[in-house]
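We will go from the inside of the protein to the whole, one selection at a time.

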Amino acid sequence: MLAYDIRGSGPGLILLPGIGGSAADTWEPLTADLAATHTVVLADLPGPDHGGPASGPLRAEDLADQVAATARDAGLRDFVIAGTSLGAAVAVKVAARHPDRVRGLFTLCGFARPRTALWLSLEMWAALHARRDDKLSAFVTSLAFSEDCLAGLTPDAARRLTARLVPFAPGTVRQIALALSTDLRADLPSVTAPTLVVAATADRFVAPEHSVELAEGIPGARLAAVSGGHAATYEEPERTLELLTGFLHDLRRDRSPHSAPLVLRQPGPRLPQAARQPRNPHRR
(Lines give C-alpha, C1' and ligand atoms only; values in the text may rest on other atoms or scores of the structure.)
Protein backbone atom coordinates (compact mmCIF):
# COMPACT_ATOMS: atom_id res chain seq x y z
CA MET A 1 0.00 0.00 0.00
CA LEU A 2 1.15 3.54 -0.73
CA ALA A 3 1.43 6.50 1.61
CA TYR A 4 -1.58 8.73 1.01
CA ASP A 5 -3.71 11.61 2.21
CA ILE A 6 -7.45 12.18 1.75
CA ARG A 7 -9.29 15.42 0.99
CA GLY A 8 -12.99 16.05 0.47
CA SER A 9 -15.88 13.64 -0.02
CA GLY A 10 -17.86 12.12 -2.88
CA PRO A 11 -16.88 9.75 -5.72
CA GLY A 12 -13.31 8.50 -5.56
CA LEU A 13 -10.47 10.27 -7.39
CA ILE A 14 -6.88 9.09 -7.02
CA LEU A 15 -4.11 11.51 -7.97
CA LEU A 16 -0.56 10.29 -8.68
CA PRO A 17 2.55 12.47 -9.02
CA GLY A 18 5.57 12.26 -11.27
CA ILE A 19 9.17 11.42 -10.46
CA GLY A 20 10.50 12.70 -7.14
CA GLY A 21 7.46 14.71 -6.13
CA SER A 22 4.58 14.15 -3.75
CA ALA A 23 0.98 14.05 -4.91
CA ALA A 24 0.08 16.84 -2.48
CA ASP A 25 2.64 19.22 -3.98
CA THR A 26 2.14 18.16 -7.61
CA TRP A 27 -1.66 18.58 -7.58
CA GLU A 28 -1.90 21.41 -5.03
CA PRO A 29 -3.25 24.06 -7.45
CA LEU A 30 -6.22 21.79 -8.29
CA THR A 31 -6.86 19.87 -5.08
CA ALA A 32 -9.25 22.22 -3.29
CA ASP A 33 -11.56 22.45 -6.30
CA LEU A 34 -11.48 18.70 -6.88
CA ALA A 35 -12.12 17.94 -3.20
CA ALA A 36 -15.29 20.02 -3.31
CA THR A 37 -17.00 17.23 -5.27
CA HIS A 38 -14.81 14.15 -4.81
CA THR A 39 -12.97 12.05 -2.27
CA VAL A 40 -9.47 12.91 -3.43
CA VAL A 41 -6.77 10.41 -2.53
CA LEU A 42 -3.30 11.89 -2.93
CA ALA A 43 -1.10 8.80 -3.29
CA ASP A 44 2.70 8.98 -3.39
CA LEU A 45 4.97 6.77 -5.45
CA PRO A 46 7.28 4.56 -3.35
CA GLY A 47 10.59 5.81 -2.02
CA PRO A 48 12.18 6.25 1.40
CA ASP A 49 10.38 9.56 1.79
CA HIS A 50 7.13 8.53 0.10
CA GLY A 51 6.13 5.16 1.52
CA GLY A 52 6.95 1.63 0.39
CA PRO A 53 10.20 -0.33 0.78
CA ALA A 54 13.42 1.61 0.59
CA SER A 55 15.36 -0.79 -1.64
CA GLY A 56 14.94 -2.95 -4.71
CA PRO A 57 13.64 -2.08 -8.15
CA LEU A 58 10.10 -0.78 -8.63
CA ARG A 59 7.74 -2.73 -10.89
CA ALA A 60 4.75 -1.16 -12.60
CA GLU A 61 2.64 -4.26 -11.88
CA ASP A 62 3.36 -4.05 -8.16
CA LEU A 63 2.63 -0.32 -8.09
CA ALA A 64 -0.69 -0.84 -9.87
CA ASP A 65 -1.74 -3.38 -7.27
CA GLN A 66 -0.57 -1.08 -4.47
CA VAL A 67 -2.70 1.73 -5.88
CA ALA A 68 -5.73 -0.57 -5.90
CA ALA A 69 -4.98 -1.60 -2.30
CA THR A 70 -4.55 2.03 -1.30
CA ALA A 71 -7.94 2.89 -2.79
CA ARG A 72 -9.54 0.04 -0.85
CA ASP A 73 -7.87 1.21 2.37
CA ALA A 74 -9.22 4.71 1.72
CA GLY A 75 -12.73 3.27 1.47
CA LEU A 76 -13.09 3.44 -2.32
CA ARG A 77 -14.74 0.53 -4.11
CA ASP A 78 -14.13 2.16 -7.48
CA PHE A 79 -12.45 5.35 -8.56
CA VAL A 80 -11.23 7.63 -11.32
CA ILE A 81 -7.45 7.74 -11.52
CA ALA A 82 -5.37 10.69 -12.74
CA GLY A 83 -1.60 10.76 -13.03
CA THR A 84 1.03 13.05 -14.40
CA SER A 85 4.32 12.01 -16.03
CA LEU A 86 5.44 8.69 -14.46
CA GLY A 87 2.23 8.78 -12.41
CA ALA A 88 0.31 8.72 -15.69
CA ALA A 89 2.14 5.56 -16.74
CA VAL A 90 1.30 3.95 -13.41
CA ALA A 91 -2.33 5.05 -13.80
CA VAL A 92 -2.51 3.31 -17.19
CA LYS A 93 -1.19 0.13 -15.59
CA VAL A 94 -3.83 0.38 -12.85
CA ALA A 95 -6.59 0.74 -15.44
CA ALA A 96 -5.28 -2.24 -17.41
CA ARG A 97 -4.91 -4.53 -14.36
CA HIS A 98 -8.01 -3.47 -12.43
CA PRO A 99 -10.70 -2.66 -15.01
CA ASP A 100 -13.48 -3.46 -12.53
CA ARG A 101 -12.23 -0.76 -10.16
CA VAL A 102 -11.31 2.08 -12.52
CA ARG A 103 -14.25 4.22 -13.74
CA GLY A 104 -12.11 6.68 -15.66
CA LEU A 105 -8.48 7.37 -16.61
CA PHE A 106 -6.93 10.83 -16.97
CA THR A 107 -3.29 11.17 -18.05
CA LEU A 108 -1.33 14.41 -18.05
CA CYS A 109 2.03 14.62 -19.83
CA GLY A 110 2.20 10.84 -19.72
CA PHE A 111 4.04 8.22 -21.75
CA ALA A 112 3.77 4.56 -22.68
CA ARG A 113 7.53 4.17 -23.03
CA PRO A 114 10.56 6.48 -22.91
CA ARG A 115 11.29 7.44 -26.49
CA THR A 116 14.88 8.51 -27.20
CA ALA A 117 14.79 12.15 -26.02
CA LEU A 118 12.95 11.25 -22.82
CA TRP A 119 15.30 8.31 -22.24
CA LEU A 120 18.34 10.59 -22.52
CA SER A 121 16.83 13.15 -20.12
CA LEU A 122 16.07 10.42 -17.57
CA GLU A 123 19.61 9.08 -17.83
CA MET A 124 21.04 12.56 -17.26
CA TRP A 125 18.70 13.17 -14.31
CA ALA A 126 19.77 9.89 -12.68
CA ALA A 127 23.46 10.67 -13.16
CA LEU A 128 23.18 14.18 -11.71
CA HIS A 129 21.11 12.90 -8.80
CA ALA A 130 23.50 10.03 -8.03
CA ARG A 131 26.43 12.39 -7.58
CA ARG A 132 24.30 15.09 -5.93
CA ASP A 133 25.39 17.56 -8.58
CA ASP A 134 24.38 21.12 -7.77
CA LYS A 135 23.38 21.58 -11.42
CA LEU A 136 20.46 19.17 -11.00
CA SER A 137 18.04 21.95 -10.04
CA ALA A 138 18.82 23.94 -13.18
CA PHE A 139 18.56 20.83 -15.34
CA VAL A 140 15.16 19.81 -13.95
CA THR A 141 13.92 23.40 -14.14
CA SER A 142 14.72 23.49 -17.85
CA LEU A 143 12.70 20.29 -18.37
CA ALA A 144 9.75 21.14 -16.15
CA PHE A 145 8.74 24.54 -17.51
CA SER A 146 8.20 26.04 -20.92
CA GLU A 147 10.39 28.74 -22.40
CA ASP A 148 7.60 31.30 -22.06
CA CYS A 149 7.15 30.48 -18.38
CA LEU A 150 10.85 30.63 -17.59
CA ALA A 151 11.18 33.95 -19.39
CA GLY A 152 8.92 35.49 -16.74
CA LEU A 153 10.89 34.11 -13.78
CA THR A 154 14.23 34.91 -12.26
CA PRO A 155 16.61 31.93 -12.08
CA ASP A 156 16.24 31.80 -8.29
CA ALA A 157 12.43 31.85 -8.49
CA ALA A 158 12.47 29.01 -11.03
CA ARG A 159 14.79 26.91 -8.85
CA ARG A 160 12.65 27.46 -5.76
CA LEU A 161 9.56 26.23 -7.59
CA THR A 162 11.36 23.19 -9.00
CA ALA A 163 12.79 22.33 -5.58
CA ARG A 164 9.23 22.05 -4.33
CA LEU A 165 7.98 19.98 -7.26
CA VAL A 166 11.01 17.68 -7.54
CA PRO A 167 12.97 17.49 -4.24
CA PHE A 168 16.31 15.74 -3.84
CA ALA A 169 14.49 12.64 -2.58
CA PRO A 170 16.39 9.34 -2.21
CA GLY A 171 13.55 7.49 -3.92
CA THR A 172 13.97 9.49 -7.11
CA VAL A 173 16.60 7.20 -8.62
CA ARG A 174 14.34 4.15 -8.22
CA GLN A 175 11.49 6.03 -9.87
CA ILE A 176 13.73 7.07 -12.76
CA ALA A 177 14.77 3.43 -13.20
CA LEU A 178 11.11 2.47 -13.36
CA ALA A 179 10.47 5.12 -16.01
CA LEU A 180 13.43 3.86 -18.07
CA SER A 181 12.10 0.29 -17.97
CA THR A 182 8.46 1.18 -18.69
CA ASP A 183 6.80 -0.13 -21.82
CA LEU A 184 3.00 -0.12 -21.71
CA ARG A 185 2.28 -0.67 -25.38
CA ALA A 186 0.92 -4.17 -24.74
CA ASP A 187 -1.27 -2.83 -21.91
CA LEU A 188 -2.96 -0.01 -23.80
CA PRO A 189 -5.54 -2.16 -25.66
CA SER A 190 -6.62 -3.65 -22.30
CA VAL A 191 -7.77 -0.30 -20.90
CA THR A 192 -11.57 -0.27 -21.00
CA ALA A 193 -12.25 2.79 -18.83
CA PRO A 194 -13.20 6.08 -20.51
CA THR A 195 -9.90 7.89 -21.00
CA LEU A 196 -8.81 11.47 -21.54
CA VAL A 197 -5.16 11.94 -22.53
CA VAL A 198 -3.78 15.46 -22.08
CA ALA A 199 -0.52 16.72 -23.55
CA ALA A 200 1.31 19.96 -22.81
CA THR A 201 2.16 21.60 -26.13
CA ALA A 202 5.49 23.08 -24.94
CA ASP A 203 6.58 20.10 -22.83
CA ARG A 204 10.35 19.69 -23.20
CA PHE A 205 10.54 16.58 -20.99
CA VAL A 206 7.69 14.34 -22.18
CA ALA A 207 6.98 15.59 -25.70
CA PRO A 208 3.35 15.68 -26.95
CA GLU A 209 3.98 12.72 -29.25
CA HIS A 210 4.01 10.50 -26.15
CA SER A 211 0.41 11.50 -25.42
CA VAL A 212 -0.50 10.84 -29.04
CA GLU A 213 0.88 7.32 -28.67
CA LEU A 214 -1.20 6.78 -25.51
CA ALA A 215 -4.37 8.07 -27.14
CA GLU A 216 -3.86 5.98 -30.26
CA GLY A 217 -3.27 2.83 -28.23
CA ILE A 218 -6.15 3.08 -25.73
CA PRO A 219 -9.53 2.16 -27.29
CA GLY A 220 -11.83 5.17 -27.46
CA ALA A 221 -9.38 7.52 -25.74
CA ARG A 222 -9.73 11.26 -26.35
CA LEU A 223 -6.76 13.58 -26.78
CA ALA A 224 -6.64 17.17 -25.49
CA ALA A 225 -3.93 19.72 -24.82
CA VAL A 226 -2.91 22.49 -22.49
CA SER A 227 -0.42 25.21 -23.26
CA GLY A 228 2.90 25.36 -21.46
CA GLY A 229 5.38 22.83 -20.20
CA HIS A 230 5.63 19.64 -18.21
CA ALA A 231 4.59 21.12 -14.87
CA ALA A 232 1.11 21.72 -16.25
CA THR A 233 -0.67 21.78 -12.89
CA TYR A 234 1.41 24.85 -11.99
CA GLU A 235 1.89 26.45 -15.38
CA GLU A 236 -1.68 25.96 -16.69
CA PRO A 237 -3.77 25.12 -13.60
CA GLU A 238 -7.05 26.62 -14.83
CA ARG A 239 -7.04 24.79 -18.18
CA THR A 240 -5.88 21.54 -16.56
CA LEU A 241 -8.64 21.81 -13.96
CA GLU A 242 -11.20 22.58 -16.67
CA LEU A 243 -10.29 19.44 -18.58
CA LEU A 244 -10.25 17.20 -15.52
CA THR A 245 -13.49 18.51 -14.01
CA GLY A 246 -15.21 18.31 -17.40
CA PHE A 247 -14.08 14.70 -17.71
CA LEU A 248 -15.34 13.93 -14.20
CA HIS A 249 -18.66 15.63 -14.96
CA ASP A 250 -19.18 13.45 -18.02
CA LEU A 251 -18.36 10.32 -16.03
CA ARG A 252 -20.92 11.27 -13.38
CA ARG A 253 -23.53 11.25 -16.16
CA ASP A 254 -22.99 7.49 -16.33
CA ARG A 255 -21.01 7.45 -19.52
CA SER A 256 -19.34 4.15 -20.37
CA PRO A 257 -16.81 3.01 -22.96
CA HIS A 258 -19.77 2.02 -25.19
CA SER A 259 -21.71 5.27 -24.89
CA ALA A 260 -21.32 8.56 -26.73
CA PRO A 261 -17.72 9.86 -26.79
CA LEU A 262 -16.56 12.46 -24.32
CA VAL A 263 -16.94 15.93 -25.78
CA LEU A 264 -14.65 18.70 -24.63
CA ARG A 265 -16.63 21.82 -23.95
CA GLN A 266 -14.07 24.20 -25.40
CA PRO A 267 -11.34 23.52 -27.93
CA GLY A 268 -7.90 23.55 -26.41
CA PRO A 269 -4.49 24.40 -27.81
CA ARG A 270 -3.59 22.44 -30.92
CA LEU A 271 -0.87 19.85 -30.66
CA PRO A 272 2.28 20.59 -32.66
CA GLN A 273 1.93 19.18 -36.18
CA ALA A 274 4.99 16.97 -35.66
CA ALA A 275 3.21 15.15 -32.83
CA ARG A 276 0.39 14.23 -35.22
CA GLN A 277 2.61 12.88 -38.00
CA PRO A 278 2.83 9.11 -38.55
CA ARG A 279 5.87 7.77 -36.71
CA ASN A 280 8.70 5.68 -38.07
CA PRO A 281 8.05 2.21 -36.59
CA HIS A 282 11.81 1.59 -36.36
CA ARG A 283 12.36 4.72 -34.28
CA ARG A 284 12.49 4.32 -30.54
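A nonpolar core is a set of buried Ala, Val, Leu, Ile, Met, Phe, Trp, Tyr and Cys residues joined through side-chain atoms within 4.5 Å. Keep in mind as you look that this is a predicted model.

**First stop: the largest core.** Select Ile 14 and Ile 81, the two that touch the most other members of the 53-residue largest nonpolar core. Then colour helix H4 (residues 86-97), which gives this core its largest share, eight residues.

Which residues does Ile 14 touch, leaving out those up to four places away in sequence? Among them are Val 41, Ala 43, Val 67, Leu 76 and Phe 79, and Ile 81 is on the list as well.

**Second stop: another core.** Now select Leu 34, Phe 106, Leu 241 and Leu 243, which belong to a second, separate core of 26 residues.

The whole structure holds two aromatic pairs. For one of them, show Phe 106 and Phe 247: this pair is tilted, with 6.3 Å from centre to centre and 40° between the planes. Phe 106 sits in strand E5 (residues 102-108) and Phe 247 in helix H12 (residues 237-252), so the pair ties together parts 141 residues apart in sequence.

**Last stop: the whole protein.** Zoom out and switch to a cartoon view to find 13 helices and seven strands. Of the 284 residues, 54% count as buried.

Notes. Residues numbered from 1 in each chain as written. Predicted model: local features only at pLDDT ≥ 70, side-chain atom pairs only at ≥ 80, totals over all residues. Heavy atoms only, no water. Phe/Tyr/Trp six-rings, centres within 6.5 Å; stacked < 30°, edge-to-face > 60°. Helix = DSSP H or I, 4+ residues; strand = E, 2+ residues; numbered from the N terminus. Buried < 20%, exposed > 50% of the residue type's maximum accessible area, 1.4 Å probe, protein only. Contact = heavy atoms within 4.5 Å.
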